[in-house]
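I opened the file to look up charged side-chain contacts first.

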Amino acid sequence: MPNHASRRTLLAAALATVAAAGAASAAVGSHAVPDDSRAPEEPPGRHPDRARLLALVAGMSLAEQVGQLFVSRVYGHSATDPEPADAEQNLAQFGVRSAAELVARYHLGGVVYFGWAHNTRSPRQIAELSDGLQRAARGSGSGIPLMLSVDQEHGAVARIGKPVTLFPGAMALGAGGSTADARRAARIAGAELLALGIRQDYAPVADVNVNPANPVIGVRSFGSDPRAVAALAAAQVRGYQSAGVAATAKHFPGHGDTETDSHVGLPVMRHSRARWEELDEPPFRAVVEAGVDCVMTAHIVFPALDPSGDPATLSRPIVTGILRERLGFRGVVVTDALDMAGVRQKYGDERVPVLALKAGCDQLLNAPDLGLAQRGVLAAVESGELSRERIAESVLRILELKARRGLFEEPAGAVGTADPEVGTAADLAAADEIAAATTTLLANPRGLLPLDATARPRLLVTGAEPVSPSGTTGPPTTVLARELEALGCRATAVPVDRAVAAAAGHAAVLVCTYNVPEGESPQRTLVAELVATGVPVVLVAVRNPYDPARLATCAAELATYSWTDVELRAAARVITGVRRPVGRLPVPVPGRYPLGHGLSYPPVAR
């Protein structure tokens, strides 16, 4: 191994060559939204400048190589000047005060952004944080740029909120049924992430949701039909990656039929091997064929695929045997977050990263104790449990991904004086247009809908008020009332404890429901009492579409699949007839509606 000074010289020369080669082959823009082809990208794998990337790997110390495998959270809005409370969090968890110090000390390969870590205040702040982090990476250790990532699925999971464009989530897109819309949404969303300095999105979800009781996937899935999920997931992969952002399909080998949330427990998937091949495999095969850059593993036990009892993240038969060998995936395998309970129950935090690498994973996401996790991997190399070659193999894949996404050609200091171009009028209009095709009219037996807004009907809006996924939308009943007002109705939002008493004298009561459980519940009581008033009740299921089967029959029933502003605006337009409903259920509602069900309004006579 060369001394430190000569090693840095070799690394700098290799970096410069990779950057020059990348700049000559594919310049990366900011918020220009390219037109992506229907053809898949060249699958991830050997980079044209592989020899230079190999030289980069060879010039790194073992600690630097191990650092490249880790993607960590960090607290604060700034790379170098965090708020005191965030500095204290960083000090307590990592032994450093700032994000820049974290990158330098742990030789990080990537950072993941979270709202709760105060990383996502505004577009300008995010772009400056990204720039500061890249400066820190390029100025320390091996000088390798960071892969900055986020969990921005849209719909129910969105870490970055307004003013970025917020699109319908996966199940809403499933109700729309348009691969063109799915691709368009991902392409615009990817371009906005790129403008913020983010090059990896943990989306799309490729799980097939066939279990109404699934507590963690639900509307994050495109639906229950594996062929439809496969087509929509592949379309989103093409959309994100045409914008220059690495897509990450998840959660392999499939998380759609579990009844435990892997954030708090260890789910068990009971499908047979044949059932997996029929139901869960097709979307992942499709995204691999579409050239997806990354695949995220699931913290689930799948006895039919590996009887060891280990979660899939730690299973060599699943990660290497199936994903790598059966499906032919050559890109980066990223673990789901390592601070989740599903992967921590059987082994200690210092062993989990080692076992994930032995299984075939590359990126290790959000270890609960970063120092302990890195020491565990280093110890495994020193003992011979992990070879240097195995570490280098994953580092090379990660560097190929970074080169593929233009990180070696993007200079530090790329943030200009203008604010990032996000949430433009054109992009917001695109989100509304896409959402308009997703609202599903489930029942309208008396023809109550559409309401005639020109008659200025008095409407009461009430119901569930779930917290905004991004912290920048809602509350749902207020938004729905506001949108109905904008269309000409006289709409008032009231809390649930006043709704029944206030119902009289209104043309209709609109009640928002959110994941109604089986059996008795406050939401079930509320809907029954509203129906008993005799005022027509319009049920608006704002998350899972299974709610109508658990509630009293209403005068009309709709599903929006999300409670974000764009979906509630689309629902208001359907309720008032500004748009005819065209969405179709992407999942069956047991005991009530079949897969593909959806009503519309008769054409207006001319």
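I started with arginine 344. Its side chain meets that of aspartate 349 in a salt bridge, 2.7 Å from N to O. The model is predicted, so I note that these distances are computed from a prediction. Arginine 344 has 35% relative accessibility, so I logged it as partly exposed.

Next I looked up arginine 482. Arginine 482 forms a salt bridge with glutamate 483, and the closest N and O atoms are 3.5 Å apart. Are the two partners buried or exposed? Arginine 482 has a relative accessible area of 42%, so it is partly exposed. Glutamate 483 has 13% relative accessibility, so it counts as buried. The cut-off I need here is that buried means under 20%.

Then I went to arginine 121. Arginine 121 makes a salt bridge with glutamate 83, with 3.5 Å between the closest N and O atoms. I traced where each partner sits. Arginine 121 lies in the loop between β2 (110-113) and α6 (123-138). Glutamate 83 lies in the loop between β1 (70-72) and α4 (84-94). The pair is 38 residues apart and links distant parts of the chain. Arginine 121 is at 48% relative accessibility, so I put it down as partly exposed. Glutamate 83, at 35%, also counts as partly exposed.

I also found a network. Salt bridges link Asp151, Glu153, Arg159, Arg220 and Lys250. How many salt bridges are there by this rule? The count comes to 32.

I moved on to strand β15, residues 537-541. Five of its five residues are buried, and I noted the strand as mostly covered. Which residues sit on which side? Val537, Leu539 and Ala541 are on one side, and Val538 and Val540 are on the other. Both faces are covered.

Strand β14 (residues 508-513) runs parallel to β15 and is joined to it by five bridges. Leucine 510 has valine 538 in β15 as its bridge partner. Strand β16 (residues 556-559) is also parallel to β15, with four bridges between them. Here valine 538 stands opposite alanine 556 in β16.

What unit do β14, helix α18 and β15 make? I recorded a right-handed β-α-β unit, with α18 spanning residues 522-532.

Terms used. Residues are numbered from 1 along each chain as its sequence is written. This is a predicted model: local features need pLDDT of at least 70, side-chain atom pairs count only at pLDDT 80 or more; totals for chains, interfaces and linings use all residues. Side-chain values use heavy atoms; hydrogens and water are left out. Buried means under 20% relative accessible area, exposed over 50%, partly exposed in between (1.4 Å probe, protein chains only). Helices (H or I, at least four residues) and strands (E, at least two) are DSSP runs, numbered from the N terminus. Two strands pair if DSSP finds at least two bridges between them. A crossover is right-handed if, with the strands pointing away from the viewer, the path from the first strand over the helix to the second runs clockwise. A salt bridge is a side-chain nitrogen of Lys or Arg within 4 Å of a carboxyl oxygen of Asp or Glu.
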